Amino acid sequence: MLAEGSLPEPWVRRPDPAPAAVPAPSADPELLERLLRERLPDAVGATGEEIAAAEARLGVTLSDELKALYRVARVDWRDDFEAADRVGDAVGCELGGLDDLYAIDAARRHLGWVHGARRAVSTAPDAAVQGLAGSPGWICFGSNGGDEFAVDLTPGPGGHYGQVILVDHEQSLGAELVADSLTDFVLGRMREERGGRRGNTLPAVAKVGSGFLQTIETAAHHALEVLSIGDRDGAPFSLAPLAGLPRLRTITASPAPWPIPWRSPASPDWSSWNSACGSGASSWTPERSRAP
């Protein structure tokens, strides 16, 4: 039974710690502040107390570059639209106010269990951005009218502290690196090669059946989280190789077009999994659903 308000595992995944992450060589808070003051000579910035209050509200320490930006222009679209437009032009996006800063909420990007239960978080060893749905360290400061720009305080193994990422409103996992630093972003020095949006690759997600892997044994990796079983000619698939896999949480089986919650009545071990079987629990015999 699906508990009200529950989310699939990828949407509750927390970021991996990045204690060794450092700002990019291009990060230059002094240059950034000087440049913005030249572009916005009449702007009114935030005080140190106001910036500290924003940090307390968010529960994070803002990057030095983000502090420098708001020391120049605190921005409030509700008070002066023209001034906010000028600030946006100077920064390179629709800039949100200091009081409007927020962390990207993973739950808000969840598109439903039909797709969510079959997704997996994947971050390559050299990825600049962690393949998450959200992070308390993804601090949204602006937008392009639809997608969100955030300063990334929890970068991937190949990223930099304080890099700028784009969170696509049409995607539910991951984000795209657009600039190594906020200084680069304001100067228009964007990354030519972008990436880090989605994973869902072996061994975490596997498909078995016609056109994919031929046996469940091939998919039965200790890191397997999601298994989709398709049609094939011949003998039925055996689920025995899946027993004991520590991370397996979702199984879908054709021909049903979506996963439905399933618990095996034959095995306490299997019933503890957050599993889904598209063909329905009534079609599973004890021999098929029992863990060996």
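The side chains of Glu9 and Arg249 join in a salt bridge, with an N to O distance of 3.8 Å. Glu9 lies in the segment before helix 1 (29-39) and Arg249 in the loop between strand 8 (226-229) and strand 9, so this pair ties together parts that are 240 residues apart in sequence. The model described here is a predicted one.

The two partners differ in their cover. Glu9 has a relative accessible area of 23% and is therefore partly exposed, since the buried class ends under 20%. Arg249, with a relative accessibility of 8%, counts as buried.

Glu225 lies in the loop between helix 7 (216-219) and strand 8, whereas Arg249 lies in the loop between strand 8 and strand 9, so the pair ties together parts that are 24 residues apart in sequence. Glu225 counts as buried because its relative accessibility is 3%.

These contacts belong to a network of salt bridges that links Glu9, Arg13, Glu225, Arg247 and Arg249. Side chains of opposite charge can pair when their charged atoms come close.

## A further ion pair and the total count

Arg189 and Asp184 meet through their side chains in a salt bridge with an N to O distance of 2.7 Å. Arg189 is partly exposed, at 43% relative accessibility, while Asp184 is buried, with a relative accessible area of 7%. The count for the model comes to 13 salt bridges, where a side-chain nitrogen of Lys or Arg must be within 4 Å of a carboxyl oxygen of Asp or Glu.

## Thr250 in strand 9

Thr250 is located in strand 9, which covers residues 250-253. Its relative accessible area is 1%, and Thr250 is therefore buried. The side chain of Thr250 reaches the backbone oxygen of Ala117 at a distance of 2.9 Å.

Glu82 has its place in helix 4. With 59% relative accessibility, Glu82 counts as exposed, because that class begins over 50%.

## Loop positions and C-alpha separations

Arg108 is found in the loop between strand 2 (102-103) and helix 5 (113-116). Arg108 is exposed, its relative accessible area being 51%. The C-alpha atoms of Arg108 and Ser172 are separated by 9.0 Å, and these residues are 64 residues apart along the chain.

Ala124 lies in the loop between helix 5 and strand 3 (138-143). At 35% relative accessibility, Ala124 is partly exposed.

How values were computed. Residues are numbered from 1 along each chain as its sequence is written. This is a predicted model: local features need pLDDT of at least 70, side-chain atom pairs count only at pLDDT 80 or more; totals for chains, interfaces and linings use all residues. Side-chain values use heavy atoms; hydrogens and water are left out. Helices (H or I, at least four residues) and strands (E, at least two) are DSSP runs, numbered from the N terminus. Buried means under 20% relative accessible area, exposed over 50%, partly exposed in between (1.4 Å probe, protein chains only). A polar contact is a pair of N or O atoms within 3.5 Å; within protein, one must be able to donate a hydrogen and the other to accept it, and residues adjacent in sequence count only if both atoms are side-chain atoms.
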